[in-house]
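Reader: I am new to this structure and would like a friendly tour. Could you show it to me?

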Amino acid sequence: MASATEDPVLERYFKGHKAAITSLDLSPNGKQLATASWDTFLMLWNFKPHARAYRYVGHKDVVTSVQFSPHGNLLASASRDRTVRLWIPDK
């Protein structure tokens, strides 16, 4: 266990959005990270090494919020285009 005086260690970073990230959420099982952005896309990142990220396309304006459902079987996103979309993250 790290002591309180040690600096945090970067585990991993994710790069793929073309604009600022507005929201993120970890999946309930801890294996995926969902991000929302000003670029109008959602991205779904897998924590497995070398796993590809998935881009969810459909919103017409900034995606302001993203959240997994409690069981992780749905991903909800909200946008400035005045829509809420429900996605199936494992498809």
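Author: Gladly! One term to start: rings of Phe, Tyr and Trp (its six-membered ring) pair if their centres lie within 6.5 Å, and planes under 30 degrees apart count as stacked, over 60 as edge-to-face and the rest as tilted. This is a predicted model, where local features need pLDDT of at least 70, side-chain atom pairs count only at pLDDT 80 or more, and totals for chains, interfaces and linings use all residues. Residues are numbered from 1 along each chain as its sequence is written, and side-chain values use heavy atoms, with hydrogens and water left out.

Reader: Which residues form one aromatic cluster with Trp 45?

Author: A search of the whole structure finds 3 aromatic pairs. In one of them, Phe 14 and Trp 45 are tilted, at 5.3 Å centre to centre and 50 degrees between the planes. The residues that form one aromatic cluster with Trp 45 are Phe 14 and Phe 47.

Reader: How many residues apart are Phe 14 and Trp 45?

Author: Strands here are DSSP runs (E, at least two residues), numbered from the N terminus. Phe 14 sits in the segment before strand S1 (21–26), while Trp 45 belongs to strand S3 (residues 42–46). The pair links distant parts of the chain, and the separation is 31 residues.

Reader: Is Trp 45 buried or exposed?

Author: Buried means under 20% relative accessible area, exposed over 50%, and partly exposed in between (1.4 Å probe, protein chains only). Phe 14 has 24%, so Phe 14 is partly exposed. Trp 45 has a relative accessible area of 7%, so the word for Trp 45 is buried.

Reader: Why is the pair of Tyr 56 and Trp 87 given the class it has, and what is that class?

Author: Tyr 56 and Trp 87 are both buried. Their ring centres are 5.2 Å apart and their planes stand at 90 degrees, so the pair is edge-to-face.

Reader: Which strands hold Tyr 56 and Trp 87?

Author: The pair ties together parts that are 31 residues apart in sequence. Tyr 56 lies in S4 (residues 54–56), and the strand of Trp 87 is S7 (residues 84–87).

Reader: How many residues of S3 are buried?

Author: Both faces of S3 are covered. On one side Leu 42, Leu 44 and Asn 46 are buried, and on the other Met 43 and Trp 45 are buried. The count for S3 is 5 of its 5 residues.

Reader: How many bridges join S2 to S3?

Author: Two strands pair if DSSP finds at least two bridges between them. S2 and S3 run antiparallel, and one of the bridges has Gln 32 with Asn 46 as its partner in S3. The number of bridges that join S2 to S3 is 5.

Reader: What is the bridge partner of Leu 44 in S4?

Author: S3 also pairs with S4, in the antiparallel sense, over 3 bridges. In S4, the partner of Leu 44 is Tyr 54.

Reader: Where is Leu 33, and how far from Met 43 in space, C-alpha to C-alpha?

Author: Leu 33 is in strand S2 (residues 32–37), and at 12% relative accessibility Leu 33 counts as buried. Contact means heavy atoms within 4.5 Å, and Leu 33 touches several residues, including Phe 14, Trp 45 and Met 43, not counting residues up to four places away in sequence. Leu 33 and Met 43 are 10 residues apart in sequence, and their C-alpha distance is 8.1 Å.

Note on methods:
Helix = DSSP H or I, 4+ residues; strand = E, 2+ residues; numbered from the N terminus.
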